[in-house]
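Trainee: I am new to this structure, and I would like to go through it slowly with you. Could we put some questions to it, one after another?

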Amino acid sequence: MILFLLSCAAGERDWVFDTAPAALRATFGNGDVTVHATDRDDAVVAWSGAAIGTIPHVGVLDGVLVVGAECRLCGGTLDIEVPAGIPVDVGVGEGSVTLQLDEAVDVAVRLDHGAVEVGVPAGSYDVRVRAVAASVSLDGIERDPAAAHLITVDVDAGEVVLLGY
């Protein structure tokens, strides 16, 4: 009999960055990612869950807040608070992505399976959605290819809700 032991990290961890990032790029294997735009001048990342071999890597690279946990055997929740007005790019294997943004910005979301909800100020956006086996709902958002801000969502299976408030 062969027994394999893998390093497993479980629990919770928070990161605080005193300097406001210019953008957010987050990738997560499996789980739920929530991004809140706030009136803060810093960024906060909170992770809880489990990961085989590693916990998420979090740091600022060339002004971009980078959050990465790309393994298929990691999961849990990521709650990210960023200053309002920065572009957001999130990719998740399976789970959910919820973005609550207070200003019109460029948004990109990639999700294999699960649910996406993007909340932005009501108005016109260049909206590009690729949904293979997913329902798509737009409310309070007008599709305009000439709009100043782009919302891109790529989902294989699940649900996409784009909400202008």
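**Contacts, strands and core**

Mentor: Let us begin with the chain as a whole, bearing in mind that this is a predicted model. Among contacts in the protein chain between residues at least 6 apart in sequence, those that join residues at least 24 apart make up 66%.

Trainee: How many helices and how many strands are there in the protein chain?

Mentor: Read along the sequence, the protein chain follows the pattern β-β-β-β-β-β-β-β-β-β-β. The count that goes with this pattern is zero helices and 11 strands.

Trainee: In which sense do strand 9 and strand 11 pair?

Mentor: Strand 9, residues 123–139, is linked to strand 11 over 13 bridges, and within this pairing Ser137 has Val161 of strand 11 as its bridge partner. Strand 11, residues 150–164, is also joined by 13 bridges to strand 8, residues 107–120, with which it runs parallel, and there Leu111 stands opposite Val155. For strand 9 and strand 11, the sense of the pairing is parallel.

Trainee: Which residues have the most contacts inside the largest nonpolar core?

Mentor: In soluble globular proteins, nonpolar side chains tend to be buried together. Here, buried residues make up 42% of the 165 residues in the protein chain, and the largest nonpolar core has 41 residues.

Trainee: Is Thr34 buried or exposed?

Mentor: Thr34 is found in strand 2, residues 23–38, and, leaving aside its neighbours within four places in sequence, Thr34 is in contact with Leu78, Asp79, Ile80 and Thr98. Since a residue is called buried under 20% relative accessible area, the 17% relative accessibility of Thr34 is what makes it count as buried.

Trainee: And Asp62, is that residue buried or exposed?

Mentor: Asp62 lies in the loop between strand 4, residues 57–61, and strand 5, residues 64–69, and has a positive phi of about 55 degrees although it is not a glycine. The cut-off for this class is over 50% relative accessible area, so Asp62, at 77% relative accessibility, counts as exposed.

Trainee: What percentage of the accessible surface of the protein chain belongs to carbon and sulfur atoms?

Mentor: The accessible surface of the protein chain comes to about 8200 Å². Of this area, the part that belongs to carbon and sulfur atoms is 53%.

Key: Residues numbered from 1 in each chain as written. Predicted model: local features only at pLDDT ≥ 70, side-chain atom pairs only at ≥ 80, totals over all residues. Heavy atoms only, no water. Core = buried A, V, L, I, M, F, W, Y, C linked by side-chain atoms within 4.5 Å. Buried < 20%, exposed > 50% of the residue type's maximum accessible area, 1.4 Å probe, protein only. Pairing = 2+ DSSP bridges. Helix = DSSP H or I, 4+ residues; strand = E, 2+ residues; numbered from the N terminus. Contact = heavy atoms within 4.5 Å. Areas by Shrake-Rupley, 256 points an atom, 1.4 Å probe, with all protein chains shown as cover.
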